[in-house]
Amino acid sequence: MTRMHNPPHPGEVLKEYLGDRTVTETAVRLGVTRVTLSRIVSSTSGVSVDMAYRLGDVFGTSPELWAGMQLQYDLHQAGTRRRR
């Protein structure tokens, strides 16, 4: 698997999927709180496996899309940290 150079947080991509929908409206459709969704959209929280399935259902995508973006982001972030 080829790694992306500095992949975006899934929340950045999710902003595009929201379009004209509000975070509150989308959170209701996802069955989560507005705060939970807002944290993902603001890139302060990651996309869990459960959330990946919820996003897939609401946006007509695969859960692997969201989980894969999160994995790529996490791997890149971990790769930039200094190790002993």
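Buried means under 20% relative accessible area, exposed means over 50%, and partly exposed lies in between, with a 1.4 Å probe and protein chains only. Methionine 69 counts as buried because its relative accessibility is 15%. The model is predicted, so local features need pLDDT of at least 70 and side-chain atom pairs count only at pLDDT 80 or more, whereas totals for chains, interfaces and linings use all residues. Residues are numbered from 1 along each chain as its sequence is written, and side-chain values use heavy atoms, with hydrogens and water left out.

**Overall build**

- The protein has five helices and zero strands, where helices (H or I, at least four residues) and strands (E, at least two) are DSSP runs numbered from the N terminus.
- Read from the N terminus, the order of elements is α-α-α-α-α.
- Along the principal axes, the C-alpha atoms fill a box of roughly 45 × 25 × 20 Å.
- The protein has 84 residues, of which 33% count as buried.
- Of the contacts (heavy atoms within 4.5 Å) between residues at least 6 apart in sequence, 57% join residues at least 24 apart.

**Surface and charge**

**Helix H1 and its cover**

- The buried residues of H1 are Pro10, Gly11, Val13, Leu14 and Leu18.
- These residues lie on the same side of H1, because they cover an arc of only 155° around the axis; the arc is that of the directions from the helix axis to the C-beta atoms.
- An α-helix has 3.6 residues a turn, so residues three or four places apart point the same way.
- The cover over the buried residues of H1 includes helix H2 (23-30), helix H3 (34-41), helix H4 (49-59) and H5.
- Glycine 19, with a positive phi near 60°, follows H1.

- Thr26, Ala27 and Leu30 are the buried residues of H2.
- Their arc around the axis is only 105°, which puts them on the same side of H2.
- H1, H3 and H4 are among the elements that cover the buried residues of H2.
- Glycine 31 follows H2 and has a positive phi, near 80°.
- Threonine 33 is in the loop between H2 and H3 and counts as partly exposed, at 46% relative accessibility.
- The side chain of threonine 33 makes a polar contact with the side chain of threonine 36 at 2.8 Å; a polar contact is a pair of N or O atoms within 3.5 Å, and within protein one must be able to donate a hydrogen and the other to accept it, with residues adjacent in sequence counting only if both atoms are side-chain atoms.
- Threonine 33 and leucine 18 are 15 residues apart in sequence, and their C-alpha atoms are 16 Å apart in space.

**Histidine 9**

- Histidine 9 is in the segment before helix H1 (10-18) and counts as buried, at 5% relative accessibility.
- The histidine 9 side chain reaches two backbone atoms: the nitrogen of glycine 11 at 2.8 Å and the oxygen of serine 45 at 3.0 Å.
- Beyond its neighbours within four places in sequence, histidine 9 is in contact with Ile40, Ser43, Ser45, Gly46, Gln70 and Tyr73.

**Methionine 69**

- Methionine 69 lies in helix H5, residues 63-79.
- With neighbours within four places in sequence left aside, methionine 69 is in contact with Pro10 and Val13.
- Methionine 69 and glycine 46 are 23 residues apart along the chain, and their C-alpha atoms are separated by 9.9 Å.

- Most residues other than glycine have a negative phi.
- Asparagine 6, in the segment before H1, has a positive phi near 50°.
- Serine 43, in the loop between H3 and H4, has a positive phi near 65°.
- Serine 43 counts as partly exposed, at 24% relative accessibility.
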